[in-house]
Amino acid sequence: MDICIIGVGNILMQDEGIGPKIAEILRKNYTFEPNIEIIDGGTLGLDLLPYIEKYKKIIIIDVVDFGKEPGFIKILRGEEIPPYLKTKLSVHHVGVQDLLEVARLMGYMPEELVLAGIQPESIDLGLDLSPTMVGKLNELIEEILKILNNWGIKCVLQSLQK
């Protein structure tokens, strides 16, 4: 396995939990050929460094404060990522930024790093995503599947398999 998806975020803070929730949806509902690893990175921050070191291509799924309307989706690649993470949206963002900086300093950066980011509507305490995020789940998943397809990964919805 050379490819990994890491969903980061705090599932106790509404939209902040979209990364782990999408990771769970992908793990349960899709198969990937060749196989890829899907990780619920939660709020692990620097503890994710072994994964950054291990994989050649990584997609990180997270909420990002783009300064846009809730539900705005943007795919960032490589050097585009750090400037957005300098704005602290929640506690774990320091960890993601630190993770990428440490990986860069240690020479652990993957060949390709992609951030699938979405502007949150609410990061208040709560287990449920906001209605805006629920409405954008499929669109964000489609963006992730497009990236995987471009990397040569066949993505199959399990209900369609024979």
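The chain exposes about 8000 Å², of which carbon and sulfur atoms supply 52%; accessible areas come from the Shrake-Rupley method with a 1.4 Å probe, and for residues only the protein chains shown count as cover. This is a predicted model, in which local features need pLDDT of at least 70 and side-chain atom pairs count only at pLDDT 80 or more, while totals for chains, interfaces and linings use all residues. Residues are numbered from 1 along each chain as its sequence is written, and side-chain values use heavy atoms, with hydrogens and water left out.

The chain has 5 helices and 7 strands, in the order β-α-β-β-α-β-β-α-α-β-α-β from the N terminus. Helices (H or I, at least four residues) and strands (E, at least two) are DSSP runs, numbered from the N terminus. Of the 162 residues, 49% are buried, where buried means under 20% relative accessible area, exposed over 50%, and partly exposed in between (1.4 Å probe, protein chains only). Among contacts (heavy atoms within 4.5 Å) between residues at least 6 apart in sequence, 79% join residues at least 24 apart.

A nonpolar core is a set of buried Ala, Val, Leu, Ile, Met, Phe, Trp, Tyr and Cys residues joined through side-chain atoms within 4.5 Å. The largest such core holds 29 residues, and L26, F32, I59, I144 and L148 touch the most other members. Two or more residues each come from strand 1 (3–8), helix 1 (18–29), strand 2 (30–33), strand 4 (57–63), strand 6 (112–118) and helix 5 (131–150). Helix 5 gives the most, with 8 residues. Not counting residues up to four places away in sequence, I144 touches I5, I22, L26, I59, I61 and A116. Another core, of 20 residues, lies apart from it and includes V8, F66, I81 and L113.

Leaving aside neighbours within four places in sequence, P34 is in contact with G152 and I153. The C-alpha atoms of P34 and G152 are separated by 8.4 Å, although these residues are 118 apart along the chain.
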